[in-house]
Amino acid sequence: MSWSRRLTTRSSGSKRSAKLIELAEHFGAHNYHPLPVVLTRGRGIFVWDVEGKRYFDMLSAYSALNQGHVHPKIATAARRQLGRLTLTSRAFHNELMGPLLERLCKLAGMDRAILMNSGAEAVETAIKAMRLWGYRKKGIPDGRAEIIVCENNFHGRTTTIVGFSSDPLSTDGFGPATPGFKIIPYGDAAALRAAIGPNTCGFLVEPIQGEAGVNVPPRGYLREVRAICSAQNVLWAADEIQTGLGRTGRMFCVDHEGAKPDLLILGKALSGGFYPVSAVLSREDVLGLYAPGTHGSTFGGNPLACAIAQASLDVLEDERLADKAEKMGAYFMERLQGLDHPALRGIRGRGLLIGVEFSGAARPLCEALMKRGLLAKDTHEKTLRLAPPLVITKPQIDAALKILAAALKEFVL
Ligand SMILES: *Cc1c(COP(=O)(O)O)cnc(C)c1O
């Protein structure tokens, strides 16, 4: 493409977006259905498209951007590390991994941690650790370990993980499913108690189901899960990839009930949105079972990831983002209750993880919001998820609500 042509394309407004979308649609697999907006820049709670239009980001990359877009402190830490050392592999030690592991363990009151990259990898790491514990510690006969999961779970996209999903879109065409998983209803402690058998090694659950439409379990559920798993010698793994690191108004969502899982799975905001970093934290008797050669990742625990994770945690703590999420979330939910629309079915959530449910598909509303400068996504078809970066302020919430109210006026179901 010649220079002059490039200039024309750039100055021709929405044509540039259309062209870029066409490229992605033509050359990419269609495994997502994105809103038709092409972003080029972000700062705090805002993003800008290639035509220069500004939007409120009410998705935060599914809670990977709790600290906001391109937080200057994380950017500085990343830049510094980029010029120094980025990858050693685990064949050698690097100076940043030990301190990060220590910090994560102290933060969660755990003995050991293991660093991975994507959330799905961390979930896989937890699954393998629970099975290993089942065989080595609980004495489950080889190859018989069972893990209990919940209906409407979302734990990632690997073959094993989608194998225990209850969403046909995730599972159909991808079988055969990995054996050894049992699905029970979410939020139902009695169902958990009944499902545990002699070969059960673990229970894997989200403290709030984000992808399923912000499903908040009954109060006391997590404490009951803790008690049941302790009484029956079963490990409890909390997938806090989406709910963790301040999102729900506490550092970890399980803190709302003072319930401590045996394994805590983190991802998303551990990266501040810069570069994938995930982790599994647990006790010595669980993670201590991994011996050299039994598990690993080329990039897991690399120096660049560690520098970014440290800075991401600094920002969460320095800016007290969990407290902010609690206060701003309460304010946001209260104001949302004031919205009036015949198709509105309910508002639920915790901190700044909020779901607004309608009687029909929320996608057209998302498109209307986009046109008015607010980006949000429908989840489980009828729920609009509102999960802005935790740095959002009251006036910004007010401004977002104005856009939402205006878009709702034109939204008919
Ligand atoms: C996003 C998410 C995952 C998967 O994380 P990836 O980084 O996309 O692999 C797992 N569990 C929960 C609860 C999530 O929200």
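**Reading the surface, the fold and the ligand site**

Tutor: The protein exposes about 18800 Å², and carbon and sulfur atoms supply 54% of that area. Accessible areas come from the Shrake-Rupley method with a 1.4 Å probe, and for residues only the protein chains shown count as cover. This is a predicted model, in which local features need pLDDT of at least 70 and side-chain atom pairs count only at pLDDT 80 or more, while totals for chains, interfaces and linings use all residues. Residues are numbered from 1 along each chain as its sequence is written, and side-chain values use heavy atoms, with hydrogens and water left out.

Student: What share of the residues in the protein is buried?

Tutor: Buried means under 20% relative accessible area (1.4 Å probe, protein chains only). Of the 413 residues, 53% are buried.

Student: Which residues are around the ligand?

Tutor: A residue is near a molecule if one of its heavy atoms lies within 4 Å of it. Around the ligand are Ser118, Gly119, Ala120, Phe154, His155, Gly156, Glu206, Asp239, Ile241, Gln242 and Lys268.

Student: How far is an oxygen atom of the ligand from a polar side-chain atom of Lys268?

Tutor: A polar contact is a pair of N or O atoms within 3.5 Å. For Lys268, a polar side-chain atom lies 2.6 Å from a ligand oxygen atom. An N or O atom in the side chain of Gln242 is 2.8 Å from an oxygen atom of the ligand. The protein buries 81% of the 380 Å² that the ligand exposes when taken alone.

Conventions. A polar contact is a pair of N or O atoms within 3.5 Å; within protein, one must be able to donate a hydrogen and the other to accept it, and residues adjacent in sequence count only if both atoms are side-chain atoms. Buried means under 20% relative accessible area, exposed over 50%, partly exposed in between (1.4 Å probe, protein chains only).
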